[in-house]
Amino acid sequence: MGRAVTVATCALNQWALDFEGNLERIFRSIDIAKRKGARYRLGPELEICGYGCSDHYYESDTLLHSFQVLEKLLESPATQDIICDVGMPVLHRNVRYNCRVIFLNKKILLIRPKISLANAGNYRELRWFTPWSKARHVEEYFLPRIIQEVTGQETVPFGDAVLATKDTCLGAEICEELWAPNSPHIEMGLDGVEIFTNSSGSHHVLRKAHARVDLVNSATAKNGGIYILANQKGCDGDRLYYDGCAMISMNGETVAQGSQFSLDDVEVLVATLDLEDVRSYRAEISSRNLAASKVNPYPRVKVNFALSCPDDVAVPTCMPIQWRHHSPEEEISLGPACWLWDYLRRSKQAGFLLPLSGGIDSSATACIVYSMCHQVCLAVKNGNADVLADARRVVNDETYIPEDPREFCRRVFTTCYMASENSSQDTCNRAKLLAEQIGSYHINLNIDAAVKAVVGIFSVVTGQTPRFSVYGGSSRESLALQNVQARIRMVLAYLFAQLTLWARGMPGGLLVLGSANVDESLRGYLTKYDCSSADINPIGGISKTDLKNFIQYCIETFQLTALRSIMSAPPTAELEPLVDGQVTQTDEADMGMTYAELSIYGKLRKIAKAGPYSMFCKLVNMWKEVCTPREVASKVKHFFRMYSVNRHKMTTLTPSYHAENYSPDDNRFDLRPFLYNTSWSWQFRCIDKQVNAL
C-alpha cells in the first residue's frame, strides 16, 4: 500500500569553511542513511560551509565553494535513490539567502530559502542573509554552469513550496522557523503536508534541551504529522557548542532521539513510520479539518519517487520513546568537555595548561578536562576511529590507545600552582591532591621573586614603595600590589604553556585555560590581563551556584575526594597578606555581594531586561521578607556601580563556552557600552523617590 516511510536525520560536527571535511561528513551520513534503508536524508543548517562562517558569508568564495561541494554531491553515485536535503548559502537576484537545496538523482527539486531569520542573542543572521518574504511564492533560479553540467537543468524552483512525492507530502522549516509564533508547519500541515523537516544550527544553553524537544513534539500534537529535526553538533570555530539532539517525532510523541553530547562527528537517526497513523490522527480533529478547508494552498513540486515500498505490510514501524534529559550537572560535565576536545584537536595543539589555585573555579575547570579525557577513552572503547586518530595526533604517538582517563590526562593536561607569600598551605595542598586524583602533570612554583622585581622597578623609578592596607598602605596601593601578582601569573602561564613540553623533551605547545565564572565577569571581579586572560575558558558562561553543584557531581561520579575540602573552603583570591598563616580575604566580602545575589542580578539585567529602577522594583518584592526597601536600593546601586565601572574588562574577556542566557560576553551576545556614567544619577534618583514613597 505504500504506508511505511523510512526517513533519516543527522547531527554533524561541521566546521566553518572546512569544505573538504564537511563534504566527507555529509557523504558519511548519506551512506549510513542508505544502508539503514532511508529514502530521505536531512542535514543541519548550512552544513556545506558550516554554520559559523559569520562575515565570510559576504565573500563570493564561500558561495563558490559551497556550489563546488554541491556539485560533488550531485554527481556522486552515493546520493542516488535517496532524496538529499542539504544546507548552503545561495545568491538569488543579488540577494543572499540561507537555503535548503533538495535534490534526487542528479536533479535539484527545490531551493527553499529561510523565512524567519535568527537575530537575537548569539545569532546575527540578518547581518548576512535576507529572509524570504514571499509566502507560497516560487521563482526560477538560474543555476551556475558547474551545476547545470551535472543536472542538465538551466533553472530550478526557488521559494516557499513543498514536495509532493508518490506517497506523501514534505515541507521544510529551517531552525528559527520552529520557534516563531507563526511557524510554517502550522499552515503546511493544514494544507496536507505530512512530513515536516527542520535543519537547525541550535547551540547548547543549560536547561534548554527540553524547550526544543517540547516545540518539536507540540508541532505535531495539535496538527498531526511527522517532524524530523537535524542539528549541528560540536564547536565549529567560536564560543558556541551545538548540541545535536537530532530527533524524529510523530503525532506529538518522540520516536527517535539522538545524543546531546558526543564525540562522534557523524550521528544518523533512522525511523520507519506509518503514514496512516498521521492520517487517522488528523481525521478526528474536527477543528483542524475545518481550518484545513480554508487554507491557502502551497505550490507543490511533484517528485516521481516514493519514500515507501509497495509491499510494506510486514515492515516494522517505530514506537514512541521517553526522552531522556541530562541534569544541569551532567550538561556541565559533557558540553564544555566536548567543546574542549573539538578545540584541542582542531587547533592542533598538544594539550592544556591550567593555573590551578585550589579554589572552586579552577578545580571545576580541571574536572571538565578530566571529563573530556573520560569521553575520549569511552569513544575509543566504543570503536570511534576518528577520536583515536585525533588522540594519537595530540599526544604525537601513532601507536597510542587512550584507555585510562588519568593516564591520558597526564599526557594532555598540565596544572600549575603559582604560590606567593600570600598563598596558604591549604590551597597548595588542595591543588596538589586534585592534580594527583585526575592524573594531570602538576607544577608547583613561587612567584614572589618576579613580584618583587616588578615592584622594585616601580620603586627605583618613583622612589615610592607601595604597601598593603594591613601594613598602612592606601586601597590604591593594595589593589595595585594584588594586580601585579595576578598579572605575573598570566605571564608565567603563557611561558609554561609554550615551553613546558619543550623542557620535557616533547613536541608541541599547550592551550592556556581560563577559569573566571559568569558571575565574576558580570561584576568585574577579576584583574584585567590576569589568569582570566587565556586562550579559552570552559566555565566563563557558568554561574558559581551551578559550578558548586557540578563539583558535588564530580565527587560522586568520578570519586574525586579532593573536591570535598575545596567545596567547604570560602572562595578567596589570596592576593592580600595572611594573618597568622590564615586567609582573611574572601571573594564575597571583596565584592560586597554574594554569588547567589549576583546570579539574580545577572538574570534580571540580561534576561528580564531590567535597568537599575526596574531591578529595584522587582527585588523589593522578591526580597521583602529579608530586606527593607532601603537595603534593596543600596544593593542594586552597588551592583550597577561595580558592573559599570568594570564593564571595560568584558571587551578583553577570554572566549568562553556559552552556557547561560545572562552571560556578559561583549563579543556578540551582550552588546553594551564600556564607558558608563557610573553615578547613574537619574536612575538612582528614581529609586530614591520610590524608597521614600514605600
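Tutor: A disulfide is a pair of cysteine sulfur atoms within 2.5 Å, and a search of the whole structure finds 0 disulfides. This is a predicted model, in which local features need pLDDT of at least 70 and side-chain atom pairs count only at pLDDT 80 or more, while totals for chains, interfaces and linings use all residues. Residues are numbered from 1 along each chain as its sequence is written, and side-chain values use heavy atoms, with hydrogens and water left out. The sulfur of cysteine 416 has its closest cysteine sulfur in cysteine 531, and because 8.6 Å lies between them, they are too far apart for a bond. Cysteine 416 counts as buried at 1% relative accessibility, and cysteine 531 is buried too, with a relative accessible area of 17%; here buried means under 20% relative accessible area, exposed over 50%, and partly exposed in between, using a 1.4 Å probe and protein chains only.

Now turn to helix α12, residues 385-395, where the buried residues are Val387, Leu388, Asp390, Ala391, Arg392, Val394 and Val395; helices (H or I, at least four residues) are DSSP runs, numbered from the N terminus. The cover over these buried residues includes α10 (328-347), α11 (360-381) and α13 (405-412), where contact means heavy atoms within 4.5 Å. At the start of α12, a side-chain oxygen of asparagine 384 comes to within 3.0 Å of the backbone nitrogen of aspartate 386, and just after α12, asparagine 396 takes a positive phi of about 60°.

Technical notes. Helices (H or I, at least four residues) and strands (E, at least two) are DSSP runs, numbered from the N terminus. A polar contact is a pair of N or O atoms within 3.5 Å; within protein, one must be able to donate a hydrogen and the other to accept it, and residues adjacent in sequence count only if both atoms are side-chain atoms.
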